Amino acid sequence: MERKVVVTGLYMMNSLGMDIKTSWENIVAGKSGIRNITLFDTTQFATKIAGEVPGDVEEYIKKYCKKHTIKQMARGTKMCFMTAKEAVKDSGVDFEKLDKERCSVVLGVIGTGFSKIYEEKDPSNRILRTMDNAMPAWISLEYKLEGPNFTIATACSSASYAMSYGFDLIRSNRADVVVTGGASANITPEEIGGFNEVYALSTANAVPEKASKPFSKDRDGFVMSEGAGILVLEAEEVAKARGAKIYAELIGYGLSSEAYNIMAPMKDGYGMAKTMEMAIKHAKINKEQVDYINAHGTSTQLNDLYETMAIKKVFGEQAYKIPISGSKSMIGHTLAAAGAMGSVITVLSIHNKTITPTINYDPDPELNLDYIPNQSREKDVKIALVNSYAFGGHNATMVFKKYE
Amino acid sequence: MPAVTPAMKEETKEIIYNFYSEECNVDRNTLNENTNVIEDIGGDSLMFLELLSLFKKKYGINVEIKSIGKYVLKHPSATLGKILDLTLLIIEHGDKIADLA
């Protein structure tokens, strides 16, 4: 019999809250975390808006780390560490009672958030602050976890690839607990400038909170944001043995490479559709069972069009009945953490029987699915998909199920 | 190189203990010469480099890290007592600490 993988701990920190409660409440309320960038001077940039976390990371981290450790962490690593600590606390797992060689950390990371804006203030500890593996390393050090501990980098689907690997570790009986997810702190001159160069970012600076508008007719690019999302995955029998609360079950995933273009998604959402089909097959469910999708929905012209086409391709007439959230409309695009952020929101949606909206929604005649426009909705979700796509063609779809 | 006096030794000890106490968020009174920096208070080897730069400035010491490395290879300095001994040797001998290895 296959081992079941369940979610026993959750946490997220994003532009709508430094803690999961605030963040979730704001997401359910349909608020936007997008503001003018304060982390650096944006005078020379076309984009002047982003989703910065609302609290002072340097102050918050003092509650979690020793002084010398703080100096060795970059902004993204700090957010990841705090989020992981809270997710582990939420899970109630006591690693001292487990075989630590069977406890792992697998994270989606594409940079720690180190930038010239921080280096100018303090150039010390450059290596420790820039190494991508710092995030899982610090978490592993904190709990003395001795199982596989590493990062996966597939751009904006990194966290989903990490969760997939975490799923495999448990399903294949090589781990009992996996701390997984991702973090990102890319609101830097280097990243904003870089994404502006390829015209990927929104420049709707005038009203920041309305700039991110997935599936809307006047969408003009994604809005960069930062944050961390962590899930504690656990073998069902281990979780039940310790009487853990179980939020939901992770029942499968689909991963595929488009092998098409370094930036653009494959025409008409062919690769996206294929990935959802793979996930449904891997999860051993019928398409008819899917009753919610947390979309990648970046607010770019191509992604939102192709993702919509892909959903229609996979589900046919049923596509029009499946509610679809564009969470990035509220919290922006957290890049490497995006899959984790979508997954935390989805697991909470299942657990709380509330699906979250796509705000700033103004219908595009070409996109005619149910994007849960502007207001949350009560729904007892049974099976949900979470989509993540990335530059490089790294597609991922996660499948979560209500735990019964 | 300055000769190490009892007063200097006491001052150096205070600087070292206060440094580790503050950086590792531990009570100064719980530290003693047998306290292991990594295992007991969650510090790391990089912290000594920060401490070293502080003493280099204070005493105008000229010493290469590789010279200290040669010495430490044969005389591991994991406890606060050993770190104090190492620091005093660096203050007294500077780069010639390698010759003591």
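Visitor: How many salt bridges does a search of the whole structure find over all chains?

Guide: The search gives 28 salt bridges over all chains. Keep in mind that this is a predicted model. Side-chain atom pairs count only at pLDDT 80 or more.

Visitor: What makes A:Glu2 and A:Lys284 a salt bridge?

Guide: The cut-off is 4 Å between a side-chain nitrogen of Lys or Arg and a carboxyl oxygen of Asp or Glu. In this pair the closest N and O atoms are 3.2 Å apart. That value is within 4 Å, so the pair of A:Glu2 and A:Lys284 is called a salt bridge.

Visitor: Which parts does that pair tie together?

Guide: A:Glu2 sits in the segment before strand 1 of chain A. A:Lys284 sits in the loop between helix 11 (270–282) and strand 9 (292–294) of chain A. The parts are 282 residues apart in sequence, so the pair links positions set well apart along chain A.

Visitor: Why is A:Lys284 called exposed, and what is A:Glu2 called?

Guide: Exposed means over 50% relative accessible area, and buried means under 20%. A:Lys284 has 61%, so the label is exposed. A:Glu2 has 43%, which falls in between, so A:Glu2 is partly exposed.

Visitor: How do you know that A:Glu142 forms a salt bridge with A:Lys85?

Guide: The closest N and O atoms of A:Glu142 and A:Lys85 are 2.6 Å apart. The limit is 4 Å, so the pair qualifies. A:Glu142 belongs to helix 7 (residues 134–143) of chain A, and A:Lys85 to helix 4 (residues 75–91) of chain A. The pair therefore ties together parts that are 57 residues apart in sequence.

Visitor: Why is the pair of A:Asp380 and A:Lys382 called a salt bridge?

Guide: The N to O value is 3.9 Å. The rule asks for within 4 Å, so the pair passes. A:Asp380 has a relative accessible area of 30% and is partly exposed. A:Lys382, at 35%, is partly exposed.

Visitor: Which residues do salt bridges that share partners join into one network?

Guide: The members are A:Lys67, A:Lys71, B:Glu22, B:Glu23 and B:Glu50. One of the pairs is B:Glu23 with A:Lys71, whose closest N and O atoms are 2.9 Å apart. That is within 4 Å, so the pair counts. Across the interface of chain A and chain B, the rule finds four salt bridges.

Visitor: Which classes do the residues on the side of chain A that touches chain B divide into?

Guide: They divide into two nonpolar, three polar and three charged. The contact takes eight residues from chain A and 11 residues from chain B. Nine residue pairs are in polar contact between the two chains.

Visitor: What area do chain A and chain B bury between them?

Guide: They bury about 750 Å², with 38% of it on carbon and sulfur atoms. In chain A, A:Lys66, A:Lys67 and A:His68 lose the most area to chain B. Together they make up 66% of what that side buries.

Visitor: Why is strand 7 of chain A called largely enclosed?

Guide: Nine of the nine residues of strand 7 (residues 227–235) of chain A are buried, so the rest of the structure largely encloses this strand. Both faces are covered. One side includes A:Leu231 and A:Leu233, and the other includes A:Ile230 and A:Glu234.

Visitor: What makes strand 4 of chain A mostly covered?

Guide: Six of the six residues of strand 4 (residues 103–108) are buried. A:Cys103, A:Val105 and A:Leu107 point one way, and A:Ser104, A:Val106 and A:Gly108 the other. Strand 4 pairs with strand 6 of chain A in the parallel sense over six bridges. Four bridges join strand 4 to strand 5 (residues 149–152) of chain A, also parallel.

Conventions: Residues are numbered from 1 along each chain as its sequence is written. Chains are lettered from A and ligands numbered from 1 in the order in which they are written. This is a predicted model: local features need pLDDT of at least 70, side-chain atom pairs count only at pLDDT 80 or more; totals for chains, interfaces and linings use all residues. Side-chain values use heavy atoms; hydrogens and water are left out. Contact means heavy atoms within 4.5 Å. Buried area is the accessible area (1.4 Å probe) that two parts lose on being put together, summed over both. A polar contact is a pair of N or O atoms within 3.5 Å; within protein, one must be able to donate a hydrogen and the other to accept it, and residues adjacent in sequence count only if both atoms are side-chain atoms. Ala, Val, Leu, Ile, Met, Phe, Trp, Tyr, Cys and Pro count as nonpolar, Asp, Glu, Lys and Arg as charged, and the others, Gly among them, as polar. Buried means under 20% relative accessible area, exposed over 50%, partly exposed in between (1.4 Å probe, protein chains only). Helices (H or I, at least four residues) and strands (E, at least two) are DSSP runs, numbered from the N terminus. Two strands pair if DSSP finds at least two bridges between them.
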